[in-house]
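Me: I would like to learn how to read a few backbone and packing features. Please show me the structure before we start.

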Amino acid sequence: MGLPYRLFVRPGMKFIDSEKAHDLSVNVLAKFGQNRGSQKILSSIYRTPSIPINVFGKLFRHPLGLAAGFDKSATALSAWPALGFSWVEYGGITRYPQDGNPKPRMFRSDNDLALINRMGFNNPGALAVRDQCISRRVSGKWPQVPVAANIGRSKSVDNNRAPNDYAETFSLLYEHADLFVLNVSSPNTPGLRELQEDDHIRDVVSACIRVRESNSGVKPIVLKFSPDLDDDVLLSCAGAALSAGIDGFIATNTTISRPVPSNTRSRNIFAESGGLSGRPLHSQSIQKIGLLYDSVGDKVPIIGCGGIEDAESAWSAITNGASLLQLYSAMVFQGPSVVPRTIKGIKKKLNENGFKDLEEAVGFSR
């Protein structure tokens with residue numbers, strides 16, 4: 001299942017610019033994965049077992065979803081469930097269209113199984129994404145799994161106006177996602193991470209809560225944290241978000257820290273600015289998952305993201321407090337086979353440890 005990707009696709013990707021390779025794969029899925037015949041073919045190849053779990057009042061077939069940043073503009077939504085994902089997050093989306101940062105802005109370190117990106121929320125804007133989602137629904141191509149929308153602050157908006165900016169995007173996309181992620185932690189928009197402060201967090205969350213109260217249905221809102229926050233700052237921000245009505249947290253976004261390079265090529269790539277994801281991020285992410293779980297795990301769910309690449313890394317996130325999981329970099333380095341392989345491994349671990357369901361395993365090692 002993963003052999004063709006490792007033998008043919010991944011070696012070929014080494015000769016293509018990282019962003020071009022990414023765009024190529026999403027465009028192929030956007031074209032090939034949108035009709036039911038193609039989806040059946042993909043589903044038969046990437047057959048994934050069921051490990052049901054209820055989170056945010058929704059039933060997920062298993063915990064593993066696609067993280068934001070892969071399907072930035074929601075162009076291939078129907079393809080991801082066919083590859084085995086139980087849920088998908090599109091974006092980040094900003095209120096206004098953005099070209100993002102100058103290219104090149106995405107880099108791969110194959111030896112370290114790490115990515116660095118400084119994309120800068122390149123996206124067509126909330127209005128265009130909303131219209132595309134409407135068209136998808138009308139044509140019957142909306143996925144039959146929970147869909148999350150990742151919302152970022154527009155680059156042209158300063159932090160004092162951020163609450164209104166987030167709220168406007170949230171309002172425009174409200175009918176086109178089942179849950180929403182407030183991204184205040186990307187390192188690639190100047191000043192964005194400064195929103196990770198109690199008053200700013202409270203204002204941003206409160207503005208979105210007000211929009212939710214004026215709409216039908218209660219769509220969960222979660223906050224995505226940086227792995228680079230000091231522990232006391234993270235817990236303080238989590239408390240502020242809870243006081244404003246947040247429904248959960250994602251730990252974590254990408255990191256500006258760098259591991260020790262394994263060779264000269266790694267050293268050159270790690271010298272690039274931007275957020276690092278992949279295997280080197282995992283230990284930071286696990287630490288933040290556990291910290292949040294110990295503090296607020298009895299109040300709201302936590303989504304684990306950062307270096308999830310196999311059953312071991314996924315199990316570590318779950319037993320440290322993650323109810324749901326997301327991956328991104330592992331799709332680049334392993335291809336879609338990482339999804340069924342990881343879920344089969346989690347199922348095996350549940351059986352080996354005598355857990356009757358996934359909920360029993362969440363936070364077990366804390």
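Me: Where is phenylalanine 56 found?

Reply: This is a predicted model. In it, phenylalanine 56 lies in the loop between β1 (53-55) and β2 (58-60). Its phi is positive, about 55°, although the residue is not a glycine.

Me: Is phenylalanine 56 buried or exposed?

Reply: A residue counts as buried when its relative accessible area is under 20%. Phenylalanine 56 has 16% relative accessibility, so it counts as buried.

Me: Which residue other than glycine has a positive phi near 60°?

Reply: That is alanine 74. Alanine 74 sits in the loop between β3 (64-66) and α4 (79-82). Its relative accessibility is 1%, and therefore alanine 74 counts as buried.

Me: How do I read omega, and which residues does the cis peptide bond with omega of about 10° join?

Reply: Look at the peptide bond between two neighbours. The bond joining glycine 91 and glycine 92 is cis, with omega of about 10°. Glycine 92 belongs to strand β4 (residues 87-93). Another cis bond runs from lysine 103 to proline 104, with omega near -5°. Proline 104 is placed in the loop between β4 and β5 (106-109).

Me: At what angle do helix α6 and helix α7 pack?

Reply: Helix α6 (residues 162-173) and helix α7 (residues 198-213) pack at about 30°, and their axes are 8 Å apart. The crossing is right-handed. Residues making the contact include Tyr166 and Phe170 of α6, and Val204 and Val211 of α7.

Me: How many residues of this contact are nonpolar, polar and charged?

Reply: The contact of α6 with α7 has 8 nonpolar, 1 polar and 2 charged residues.

Notes: Residues numbered from 1 in each chain as written. Predicted model: local features only at pLDDT ≥ 70, side-chain atom pairs only at ≥ 80, totals over all residues. Heavy atoms only, no water. Axes fitted to C-alpha atoms, helices over the stretch in contact; angles between N-to-C directions. Helix = DSSP H or I, 4+ residues; strand = E, 2+ residues; numbered from the N terminus. Left-handed = near helix turned anticlockwise from the far one by under 90°. Contact = heavy atoms within 4.5 Å. Nonpolar A, V, L, I, M, F, W, Y, C, P; charged D, E, K, R; others polar. Buried < 20%, exposed > 50% of the residue type's maximum accessible area, 1.4 Å probe, protein only.
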